[in-house]
Amino acid sequence: MAERPRDRELMARAIQLAARGLYTTGCNPRVGCLLAHGDRIVGEGWHVRPGEGHAEVNALRQAGGQAQGATAYVTLEPCSHFGRTPPCADALVAAGVGRVVAAMGDPNPQVAGGGLQRLRAAGIEVVCGVLEAEARALNPGFIKRMQQGLPWVRLKLAMSMDGRTAMASGESQWITGPAARADVQRLRARSDAVISGADSVLLDDSALTVRAAELGLPEVEARAAAATQPLRVLVDGRLRVPPDRKLFREPGPVLVVYSDRGQRGPDYQAGDAELLALPGDAGHVDLQALLGELAGRGCNEVLVESGAALGGAFWQAGLVDELVIYMAPRLLGSRARPLLQLPFDSMAEAEDLQITDMRAVGNDWRITARRVC
């Protein structure tokens, strides 16, 4: 079926609704829905958190009887299977909507066109593909996990204008200003897991938590974003980090990953953290296996906050989907530590990047880039 004149405008509103779940939907996709009769919106909803009503159900609840004959604009194909909640496609049919406009199909193999097919079988007009790129941008991790069995990986780095991340001693607090640090807090809040390495935790003693007061969001939104902490993952191949670090003292789940060929002493303790042995050589953890483990736990988006060694290892393994680099207007000098450990010897080994976004964040700059395929 063909688009109608206002379909894109109303879908844009549905995408705005979906974005309200940016920090809270966890393993589920971010989805928005609105119901309209022509230009008149009669119901709006979005998915807030796992186990609660989906966007379509929330919009139908607001619309009540006005859903009869309405057009539903939904950013993701309505589900057709029983999960924690009943199928949304069935709810739309039962409410008597006359038309459904979806931004994109559901990459979940349990749905994958089944929801749209169910709507069409009920005699409902269906249009799919309206503002698809914008809808996909909301859920890169969910899409990748459904299609490839891996989460979307962001590698976050902070550097000076001369490309340095810390002094030779390891001192690095603070390269960037408060606005950039608040932006990093928001990256953590939208992530299902935050990964760091033993060297970084030993040097910086970071808790890797989301702190409501530092998010730079309205109070209610900040509290909701910080209510569920991301899984904090410590890659510590040889179990060098002692249990007195902030990582283990702050509330929230912690996973300590070590090499199954490393030596785990019988007395090693890491508080209440979960210990996980993964394949690895010379005390290094297999990072592909780690990401597969996190995907199996429902992690859609993963943020890597580490030093040059672990960050470089993720990059060299081809596991980074997106670089997020905060550049401060200062110089740290030639003795300071580099951005990534990438042992290139010739220009032929140099890698090109595609910058997808560049903007000022306070006095610093945030550069978002991807590897050129």
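The model is predicted, so local features need pLDDT of at least 70 and side-chain atom pairs pLDDT 80 or more, while totals for chains, interfaces and linings use all residues. Residues are numbered from 1 along each chain as its sequence is written, and side-chain values use heavy atoms, with hydrogens and water left out.

Charges do sit over rings, the criterion being NZ of Lys or CZ of Arg within 6 Å of the ring centre and within 35 degrees of the ring normal. The charged end of Arg 20 lies over the ring of Trp 46, 4.7 Å from its centre. Arg 371 places its charged end over the ring of Trp 315, at 3.9 Å from the centre.

Helices (H or I, at least four residues) and strands (E, at least two) are DSSP runs, numbered from the N terminus. Two strands pair if DSSP finds at least two bridges between them. An open sheet of five strands has the order β2-β1-β3-β4-β5, with mixed pairing. Its edges are β2 (40-46) and β5 (125-128); each has a single partner strand, so one side of each is left without a neighbour in the sheet. The twist averages 15° from one strand to the next. Axes are lines fitted to C-alpha atoms, for helices over the stretch in contact, and angles run from 0 to 180 degrees between N-to-C directions. Within this sheet, β1 (residues 32-37) and β3 (residues 71-74) pair in the antiparallel sense over four bridges. Leu 34 has Tyr 73 in β3 as its bridge partner. Helix α4 (residues 114-121) packs on the sheet and touches β4 (99-102) and β5; contact means heavy atoms within 4.5 Å. The direction of α4 makes about 150° with that of β5.

Arg 30 is found in the loop between α1 (7-18) and β1. Arg 30 is buried, with a relative accessible area of 5%; buried means under 20%, exposed over 50% and partly exposed in between (1.4 Å probe, protein chains only). Its side chain reaches the backbone oxygen of Leu 22 at 3.1 Å. A polar contact of 2.6 Å joins the side chains of Arg 30 and Glu 301. A polar contact is a pair of N or O atoms within 3.5 Å; within protein, one must be able to donate a hydrogen and the other to accept it, and residues adjacent in sequence count only if both atoms are side-chain atoms. Beyond four places in sequence, the contacts of Arg 30 include Thr 75, Leu 138 and Arg 190.

Nine strands form another open sheet, in the order β11-β10-β9-β8-β14-β6-β15-β18-β17, again with mixed pairing. Here β11 (274-278) and β17 stand at the edges, each with a single partner strand. Neighbouring strands are turned by 25° against each other on average, direction ignored. Strands β9 (residues 231-235) and β10 (residues 254-259) are parallel, joined by four bridges. Arg 232 stands opposite Val 254 in β10. Helix α6 (residues 140-148) lies across β6 (152-160) and β14 (301-305), at about 135° to β6.

Strands β17 (residues 353-361) and β18 (residues 364-371) run antiparallel, with eight bridges. They form a hairpin with two residues between them, and Gly 362 in the turn has a positive phi of about 65°.
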